[in-house]
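Today I'm looking things up in one structure and jotting down what I find.

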Amino acid sequence: MTYHPKSDFMRVMMERGFLADCTDYQGLDEALAKGVVPAYIGYDATAASLHVGHLMNIMVLRWLQKCGHKPITLMGGGTTKVGDPSFRAEERPLLTPEAIDANIASMKEVFARYLAYGEGATDALMLNNAEWLDGLNYLDFLRDIGRHFSVNRMLSFESVKSRLDREQSLSFLEFNYMILQAYDFLELNRRYGCLLQMGGSDQWGNIVNGIDLTRRVLDREIYGLTTPLLTTSDGRKMGKSASGAVWLRADMLSPYEFWQFWRNTTDADVGRFLKIFTELPVEECDRLGALEGAEINAAKVTLANLATALLHGEEAAVAAEATAREVFERGGVGDDLPTLHLTVAELREGISIAQLFVRSGLAKSGKDAKRLIAEGGARVNDDLVTDAGLLFGAGELVEPVKLTAGRKRHALVVLG
């Protein structure tokens, strides 16, 4: 791409690897250079926390604000009742309004770590699309909005087409989702002057729909920008670890485990992840990413420290690094390791070592734990475990026990 941006935000997007596509590079860049641009990303409230898979776009909103513009986090209190069908094999389970509201309240706490909310010109806004979706009159909506949509065109979008090509059911409820998302952009423009929608590249069709609808109904020029779908260098989708989703709430994933996720980054991804998930200058990201051997490990610690400090604070990052050093270098037991608490009553019959690995989160199932043990990947207090049926009672847990899966994943088991 040879386009040379005038605005700080567009330059950051291009230099740091955030930009996949844009509906009008020059038009958006000129709007950004001219004054404050309100821009939004939508989040459906399907869980109590966001995870690492959302973090790239949260960083986009953070940079938007740092560059003098206004981020809007749009919570899908309305659209969560429908469910986004994009690239999914089956319909999402529907949540109750109470569960949706609880999830939104929980997610707000995560956003507040990255964005400054308030009433100022560049302060972030948190909105809920239930504000305009819950009161819609269906017949009016069909007449005023539905007439602008071509079913032929909607069927051609990759997110829908891929589902139909696989002959998987797509309900009318889900088919409506893209109309509702397009309507969100229209309403955000009408009510809050929002000029830009951003999202992952799988949202391209939905974003373009919103731009077309706003142009037809309000005759206004608005823009869309997408980020690349992030995969690791070995082809895995970003956001998962060996033990499940990498949540952004400390009560769902400890700061130590979050730190460890980044410390385990593969060598080839370090430079790229530093640009996306930290605020280090681009030149320093490139320098650290080019290191090799033992030096690249120091770059991974830098990545882990900076990413953890942004989310959980400096103290949590320092504590996580200290715990890691204690665990790996001295074979000690760090205070911040994920901990499984067991009661004396639970241990009356004894509990197998395989079950300890499952319950501590180091194995997904009993079968997974047995395979780990059979392959020589399980240790208790740094001693190799070979018997999956080995039983632990209260007597064995008078002192905390450290479990290790592979070389880098640890947990504690304590009594009480």
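In which strand is Ile72 found? I looked, and Ile72 sits in strand 3. A note on the labels: helices (H or I, at least four residues) and strands (E, at least two) are DSSP runs, numbered from the N terminus.

Before going on, I wrote down the ground rules. This is a predicted model, where local features need pLDDT of at least 70 and side-chain atom pairs count only at pLDDT 80 or more, while totals for chains, interfaces and linings use all residues. Residues are numbered from 1 along each chain as its sequence is written, and side-chain values use heavy atoms, with hydrogens and water left out.

**Entry 1: Ile72**

Is Ile72 buried or exposed? Ile72 is buried, at a relative accessible area of 1%. My cut-offs: buried is under 20% relative accessible area, exposed is over 50%, and partly exposed is in between (1.4 Å probe, protein chains only). Next I listed what Ile72 touches, and among them are Pro38, Tyr40, Ile41, Leu61, Leu188 and Cys194, leaving out residues up to four places away in sequence. Touching, or contact, means heavy atoms within 4.5 Å. Leu127 is also on that contact list. Ile72 and Leu127 lie 55 residues apart in sequence, yet their C-alpha atoms are 7.1 Å apart in space.

I traced an open sheet of 6 strands in the order 1-6-5-2-3-4, and its pairing is mixed. Two strands pair if DSSP finds at least two bridges between them. At the edges I found strand 1 (21–22) and strand 4 (125–128), each pairing on one side only. Strand 1 runs antiparallel to strand 6 (residues 223–227), and 2 bridges join them. There, Asp21 stands opposite Thr226 of strand 6.

Then I checked what packs on this sheet. Helix 10 (residues 177–192) does, touching strand 2 (38–43), strand 3 (70–75), strand 4, strand 5 (196–200) and strand 6. The direction of helix 10 makes about 145 degrees with that of strand 2. Helix 11 (residues 204–218) packs on the sheet too, touching strand 1, strand 5 and strand 6, and its direction makes about 170 degrees with that of strand 6. For these angles, axes are lines fitted to C-alpha atoms (for helices, over the stretch in contact), and angles run from 0 to 180 degrees between N-to-C directions.

**Entry 2: strand 5**

How many residues of strand 5 are buried? I counted 5 of its 5, so to speak a mostly covered strand. Strand 5 pairs in the parallel sense with strand 2 over 2 bridges, and Ala39 stands opposite Leu196 of strand 5. With strand 6, strand 5 pairs in the parallel sense over 5 bridges, and Gly199 stands opposite Thr226 there. I also noted that strand 5, helix 11 and strand 6 make a right-handed β-α-β unit. Right-handed means that, with the strands pointing away from the viewer, the path from the first strand over the helix to the second runs clockwise.

**Entry 3: two helices crossing**

I looked up helix 4 (residues 97–114) and helix 15 (residues 294–312), whose axes come within 7 Å and cross at roughly 120 degrees. Helix 4 and helix 15 are therefore oblique to each other. The scale I used: under 35 degrees is roughly parallel, over 145 roughly antiparallel, 65 to 115 roughly perpendicular, and the rest oblique. Val110, Arg113 and Tyr114 in helix 4 meet Leu310, Leu311 and His312 in helix 15.
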